[in-house]
Amino acid sequence: EVFGVEEKSRQQVWEEQQLKHALQASNDSNEIRVEGSEDYDFVFDEEAMIEFTAGDDESALPETHSELDQKLVEELDREQTRLQIIHDTRKSLPVYKFRNPLLSAIREHQVLIVVGETGSGKTTQLPQYLVEEGFTQGGKFQIACTQPRRVAATSVAARVADEMDVILGKEVGYSIRFDDKTTLDTTILKYMTDGMLLREFMTDPELKKYACIIIDEAHERTLATDVLLGLLKDILPHRKDLKLIISSATMNAAKFADFFYDAPIFNVPGRRFPVDIHYTLQPEANYLNAAVTTIFQIHTTQPAPGDILVFLTGQEEIEAAQQSLEEIAHVLGSKIKPLIIAPIYANLPQEQQSRIFEPTPTDCRKVVLATNIAETSLTIDGIKFVIDPGFVKENSYIPSTGMSQLLTVPCSRASVDQRAGRAGRVGPGKCFRIFTKWSYYHELELLPKPEILRTNLSQVVLLLMSLGVTDLLDFPLLDKPSIPALSKALENLYTLGALNSKGAITRLGRMMCELPCEPEFGKVLHIAATHDSCKGSLEEVITIVAMLHETASVFVQGKADRDQNKSGIIGKVSSDHMLYLETYNNWKDMNYSKSWCFDHKVQFKTLVRVRNIRDQLWRCCDNLGLVAVNDQASKTLGNLENLEPRIIKSFIAGFPSNIAKLGTSGYHTMGARQGGVDVSVHPTSIVFQALRKDMAKPSKFILYQRLVLTSREFMRDCVPIPREEWLNEMVPHFFKSVNRQRS
Ligand code: CDP
Ligand code: MG
């Protein structure tokens with residue numbers, strides 16, 4: 001038992017006993033499986049599958065007129081009640097009481113910092129108040145509200161469109177990378193990721209089309225938010241009419257005020273009920289198991305209603321937890337009340353995200369398995385219990401090696417306090433921390449580390465330079481990045497050809513800025529279209545780049561499925577890049593068919609997204625003239641085999657730092673001045689499988705797209721480089737200098 005529970009009724013003791021047995025059973029053997037759990041992504045019968053067009057899923061039409069009238073009346077009633085509920089809910093939010101004072105403060109000051117408890121209505125209400133008060137001047141200007149996370153931008157936009165009773169994408173829209181749901185003439189309120197607003201500075205350096213900008217969730221301190229604040233600080237004196245609202249959870253508010261020359265802080269007092277905090281007595285070695293146990297402990301001992309929110313670090317953990325919850329619940333069967341399991345993470349298909357907001361039926365309990373997206377960006381009603389292992393997945397970049405990793409690290413105290421608060425919105429709540437009290441006071445940092453201090457700055461530096469910011473050290477930032485981090489970024493950009501030897505931005509550098517992808521990918525695309533030994537491969541390279549943006553969810557999850565799927569193509573290709581290309585092309589040849597995806601265990605919706613990304617990249621390349629250059633060459637090229645060297649060479653040009661060399665003890669990264677590290681091919685890579693099945697001999701050089709650290713350092717999305725000469729051919733200075741430093 002993880003937490004002390006005081007008084008127990010006999011019923012409780014009995015239930016706990018049952019639970020213990022069930023947990024024991026599921027721990028002892030891996031044999032217990034819920035029927036069909038291996039392929040829960042596709043629950044329908046293969047033979048019964050029909051492709052539907054819109055409208056098929058609506059209920060059958062009523063037969064008689066009176067029935068029809070009756071239905072209409074009911075429909076209208078329902079609609080009326082829905083609107084009434086929305087209206088009442090809006091009025092009940094804490095921020096509503098401060099509507100007028102807030103609006104006066106905004107009128108009076110150019111910059112206002114708004115601080116308030118999560119769920120008080122900052123994100124959904126504030127922008128609506130501004131619209132209602134005519135800040136858009138009859139649609140002449142727009143209002144932007146930035147979000148650090150894509151999921152938050154899309155789900156909040158949908159909610160607000162609903163509240164305003166308008167169609168999403170018309171008056172209210174969202175804009176996230178590769179997905180723009182706004183209409184040029186009609187959209188007045190736009191939820192967007194902070195990165196998208198940053199890009200808008202390139203076409204509209206004074207953001208002239210906006211009357212108000214709300215930088216929401218500013219306490220998250222993403223790189224894009226920090227840079228936005230710097231750029232906004234610069235333009236405010238020239239845009240006296242522009243209103244800037246910075247909205248934040250309580251942490252950091254004073255720092256924002258300071259940054260904007262003592263801007264006033266408006267505090268929206270939240271309603272918050274007391275939350276009892278429980279700690280484990282000892283550190284738990286396996287927090288995932290401990291979290292699952294705790295869920296059942298709460299479910300069997302605490303009265304309903306009262307939903308549970310669990311903070312996990314990512315998709316893989318969430319899926320693992322979901323599976324073990326389903327297995328245990330299956331074993332317990334009718335001995336426990338039904339559990340509704342609702343996951344939420346960034347890569348979850350949009351259609352499934354709304355499940356977390358659906359009201360829980362009586363006599364059920366909802367368990368939301370979330371990443372730290374639910375910490376402040378999303379508010380889920382009805383949560384009474386929070387389970388917090390106290391970890392978060394964080395990007396960390398080491399300038400000296402040029403390596404970026406996603407690491408699971410302990411959260412800050414501010415984060416775990418914020419998480420606990422999620423339990424106290426509807427009434428008194430409880431938070432179960434799967435770490436010790438000692439750890440809370442002695443091991444956790446006070447505040448999270450801003451992204452700007454732990455990330456690769458190349459893209460941002462390039463963007464700033466393209467905006468004419470030449471003195472990076474002088475650019476206003478809440479926290480200044482270290483000099484080594486800045487010089488590494490400049491060095492990277494120089495290697496890519498985005499900057500010349502004088503440190504000025506080149507034509508290629510400007511092109512990279514225009515493309516909606518990282519500068520490295522921009523370089524890959526440019527080379528694929530223009531370099532003598534690569535051109536003609538642009539179309540294929542665009543497909544691969546688009547697929548690499550969605551790799552997390554291309555293949556249906558489940559190891560067996562992955563193997564099966566790949567075995568169809570595995571003999572034919574020798575790299576993940578070519579696997580992605582073949583997969584996409586096969587799908588395209590089958591007329592983008594849904595059943596083809598089903599047969600090959602590929603996620604249809606992901607491929608639809610890839611197709612969309614691909615189209616957008618294609619359009620950008622066309623605008624930049626790259627397609628025209630490429631097309632002249634492609635006529636003479638022919639089949640994929642001829643193209644493969646061109647494709648590989650393009651990726652070498654874009655990712656010279658992501659190459660590992662085979663040594664006596666396996667692969668070792670190159671390109672870093674100081675040593676590099678030992679790395680292995682990730683088991684999900686097709687390269688790994690080919691090696692295991694003795695179908696290929698290990699290549700001396702491998703290019704990888706990213707490193708992940710689990711039990712060791714793994715390379716994901718790999719392509720073997722068949723000839724060493726290609727390295728110097730594609731990036732001459734780079735490998736020469738690396739070799740010189742080594743010898
Ligand atoms: O931004 P802040 O955390 O202050 O609150 P908010 O996101 O504006 O949320 C206000 C209320 O809207 C919450 O209590 C949620 O119940 C509701 N909401 C929702 O039901 N569905 C969404 N997608 C977003 C918000
Ligand atoms: Mg919010």
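Which residues in α9 are buried? In this predicted model, they are Tyr287, Ala290, Ala291, Val292, Thr293, Thr294, Ile295, Phe296, Gln297, Ile298 and His299. A residue counts as buried if 20 or more other C-beta atoms lie within 10 Å of its own. By that cut-off, 11 of the 15 residues of α9 are buried, so the helix is largely enclosed by the rest of the structure. Helix α9 covers residues 287–301. From its first C-alpha to its last, α9 reaches 20 Å. That is close to the 21 Å expected at 1.5 Å a residue.

Helix α18 spans residues 538–548, and helix α20 spans residues 576–589. Their axes come within 9 Å and cross at roughly 100 degrees. Angles of 65 to 115 degrees count as roughly perpendicular. The two helices, α18 and α20, are therefore roughly perpendicular to each other. On the α18 side, the contact involves Glu540, Thr543, Ile544, Met547 and Leu548. These meet His577, Tyr580, Leu581 and Tyr584 of α20. By class, this contact has 6 nonpolar, 2 polar and 1 charged residues. An α-helix has 3.6 residues a turn, so residues three or four places apart point the same way.

Terms used:
Residues are numbered from 1 along each chain as its sequence is written. Chains are lettered from A and ligands numbered from 1 in the order in which they are written. This is a predicted model: local features need pLDDT of at least 70, side-chain atom pairs count only at pLDDT 80 or more; totals for chains, interfaces and linings use all residues. Helices (H or I, at least four residues) and strands (E, at least two) are DSSP runs, numbered from the N terminus. The expected span of a helix is 1.5 Å times one less than its number of residues. A residue is buried if 20 or more other C-beta atoms lie within 10 Å of its own, exposed if 12 or fewer, and partly exposed in between; C-beta atoms are placed from the backbone. Axes are lines fitted to C-alpha atoms, for helices over the stretch in contact, and angles run from 0 to 180 degrees between N-to-C directions. Angles under 35 degrees count as roughly parallel, over 145 as roughly antiparallel, 65 to 115 as roughly perpendicular and the rest as oblique. Two residues are in contact if their C-beta atoms, placed from the backbone, lie within 7 Å. Ala, Val, Leu, Ile, Met, Phe, Trp, Tyr, Cys and Pro count as nonpolar, Asp, Glu, Lys and Arg as charged, and the others, Gly among them, as polar.
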